[in-house]
Every structure is written in C-alpha cells, then in structure tokens.
Amino acid sequence: MFAGNGWLKPLSKTAQKSVDTNFADVWQTYGTVDGTLYGLYFKAAHKSTVWYSPDALAQAGVEPPKTYDAMLKAGQTVSDSGLAAFSVAGQDGWTLTDWFENVYLSQAGPEKYDALAAHELKWTDASVVEALTTLGKLFKDEQLVAGGQKGALNTDFPGSVEKVFGPKPEAGMVYEGDFVAGVAKDQFGKEIGKDANFFPFPAVDGGEAPVVSGGDAAVVLKDGKNSEAGMALLEYLATPEAAAVWAEAGGFLSPNKNLDPASYGDDVTRATAESLVGAGDSVRFDMSDQAPAAFGGTKGTGEWKILQDFLRDPSDPKATAAELEAAAAKAYKG
C-alpha cells in the first residue's frame, strides 16, 4: 500500500549493497515491491520453535523429536507420565495459523506455500486438506492437548506459556515463536536453557523441517522532513555492527547472516538465530501476515475463526478447507 501509493523512498545504493551482502535473497524479496527494494528486514521472529520443560521431558524419558509423528508419540509418553503434552493457545486465532503454516510448509513444500500465500492456489487444494488432517491428529486428541479442545479455546498466548512454565504446570510443551522465551523468563522466572528450552518444529511426512518467520521492516517515507537521516539510519541497520548492538541487548533476532553469533547473550537465543539464518532462502514469511487483514488478521472472522472452529471440531478437514477458500476468495477480491 505505502509503496503503491508512492509514499516510500527506495533504499539507497549503499543500503542495497549492504542488504545484498548481509541478507539471504528471501529477505530482499519480502522488502521489494515491483522490483524496487523499499524495506529492510532488520529484526525477525523465528516461528518454528517448540518450547518445552526439560524436567517434563526427562520425567517422561523422551528426547526432543525430529519428526511430527515422533512429536505426537513423545507427547503421548509425556501424557502418560501425568502432564498433558501440549498447551495450545486456541483463544488467539493467530497461534492456530502458525500451527497450520508450519505443517503446510513442511508437508506441501515452499512452492505451494508461496502459491497459497498469494491465493494462486485455492484453499480447497488437496495439500491444504492434508495439512488440516495432519493438524487434526493433534487437535482431536484429548490426551495431547491440555484441557482438550475446550481448554485450548479458553487459553490465550500468555496463558499457554504459563501452562508449561508457570507455577502449576499442566503441559510439557508449547508451540510458538522464539518470543516464548521472553514470557517464560520475564513472567515466570525461568532460566532459558535450563528451565526452558526449544527444539525446531519437526519435519512432517518426510518433508524438510519448516522455518516460518515474522519480521519488522524499516522504511523511509519519501516526504519526511528527515528522510536523509532516516536513510542513513537504514544504511547502518543493514550492517552486522548494528545487529550486534541489539543482539547483545537481548530480545532480538537478526536475519543478517554476517552477524557473529557470539553477539547473542545466551546459547538458546544463539541457536535460534543460527537456525533462522541457516535456513537461507527456504525461510518463508508468516502466511497470514501476507494475507488481507480480513482473512489473515482479524479476530472473530476469516482464517482465525475458521481454525478456531476446526480446533473445536477437527472431524471434517474438507469442509474447513472450503470455508477457508470462501473467506479467502472474498478477502483477496476486496
């Protein structure tokens, strides 16, 4: 919208050169409109991380899994040991879109992910139905989800972290992005790496392990009074030196591939950042964030509500796919 209306300045040659040197092509693609680079993705979120209580997994005698099926099997073992396997934040529809996107990216592959994100592929495609079926295996299992479907639908994101890392744990694992660590540390006093850790979202049905990301892009407004100073700031933000300052301060992941991982203050954040950068051009930006807000970003409607309904009753993936397609067709047309 901003670029289309001519409100943004293209990145300078200096900034462009730094982006070429320091960032994978995929980050340039996401900052580009009609062949012109306007946005610098200086900060990223890694949304393919499953966070767990090391004590809970140790008590159950399970190791972090490498595949989706192994994760469900490990979850059954955790459940047998006395805790539910997963805390699911079903009250917040955006978390359910993230669950779907990770399963879909691994199972269907990057090309179909891109096509679905652009609505060049319909949500009634067999690949969508298959991903919903895979996700439904988890959602319908009362042993795997803390409180079952009803409990999940009454749990928001902070609450889902509390159910794993709070004073009265109800589950051994919670899926969401790297920002789970901040909640576990700041709200519940957990030491990251000791009391809370993560494993990468596992591969589904022989696909590659997914890396879904979010991010913050910096842009310069064309008519801003300080646009020259703004561009100078972006030129600096595109460097590893700028990323290092923020990485040392904490609460930050950089997609800058030339940032020294030693800049991060703890091993877990470092591992998360290395996973993000190591994925290179296979990283895919959060699909719902790419969609019109009416479909991918509005409480009580579109993808958020339809996936909440699917969590409540995951028995008919084809019908859910048809609902998603109807909502997407309306939103993308608008």
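Trainee: Which residues touch the most other members of the largest nonpolar core?
Mentor: W99 and F100 do, out of the 53 residues in that core. A nonpolar core here is a set of buried Ala, Val, Leu, Ile, Met, Phe, Trp, Tyr and Cys residues joined through side-chain atoms within 4.5 Å. Buried means under 20% relative accessible area, exposed means over 50%, and partly exposed is in between, using a 1.4 Å probe and protein chains only. Keep in mind that this is a predicted model: local features need pLDDT of at least 70 and side-chain atom pairs count only at pLDDT 80 or more, while totals for chains, interfaces and linings use all residues. Residues are numbered from 1 along each chain as its sequence is written, and side-chain values use heavy atoms, with hydrogens and water left out.

Trainee: How do α7 and α16 pack?
Mentor: Helix α7 (residues 126-139) and helix α16 (residues 302-312) pack at an angle of about 50 degrees, and their axes are 9 Å apart. Axes are lines fitted to C-alpha atoms, for helices over the stretch in contact, and angles run from 0 to 180 degrees between N-to-C directions. So α7 and α16 are oblique to each other. For the cut-offs, under 35 degrees counts as roughly parallel, over 145 as roughly antiparallel, 65 to 115 as roughly perpendicular and the rest as oblique.

Trainee: Which residues make the contact?
Mentor: L132, G136 and F139 from α7, with L307, F310 and L311 from α16.

Trainee: Switching to strands: what is the order of the four strands in the open sheet?
Mentor: The order is β5-β6-β4-β7, with mixed pairing. Two strands pair if DSSP finds at least two bridges between them. The edge strands, β5 (84-87) and β7 (197-200), each pair on one side only.

Trainee: How do β4 and β6 run?
Mentor: Antiparallel, with three bridges joining β4 (residues 49-52) to β6 (residues 171-175). Y52 stands opposite M173 in β6.

Trainee: Which strands does helix α9 lie across?
Mentor: Helix α9 (residues 157-165) lies across β4, β5 and β6, and runs at about 145 degrees to β6.

Trainee: What about β3 and β8, how many bridges there?
Mentor: Six, with β3 (residues 40-46) and β8 (residues 212-218) pairing in the antiparallel sense. Y41 stands opposite A217 in β8, and K43 stands opposite D216.

Trainee: Why is β3 largely enclosed by the rest of the structure?
Mentor: Because six of the seven residues of β3 are buried.

Trainee: Last one: is S227 buried or exposed?
Mentor: S227 is buried, with a relative accessible area of 12%. S227 sits in helix α11 (residues 227-237). Not counting residues up to four places away in sequence, S227 touches K9, V220, L221 and K222.

Terms used: Helix = DSSP H or I, 4+ residues; strand = E, 2+ residues; numbered from the N terminus. Contact = heavy atoms within 4.5 Å.
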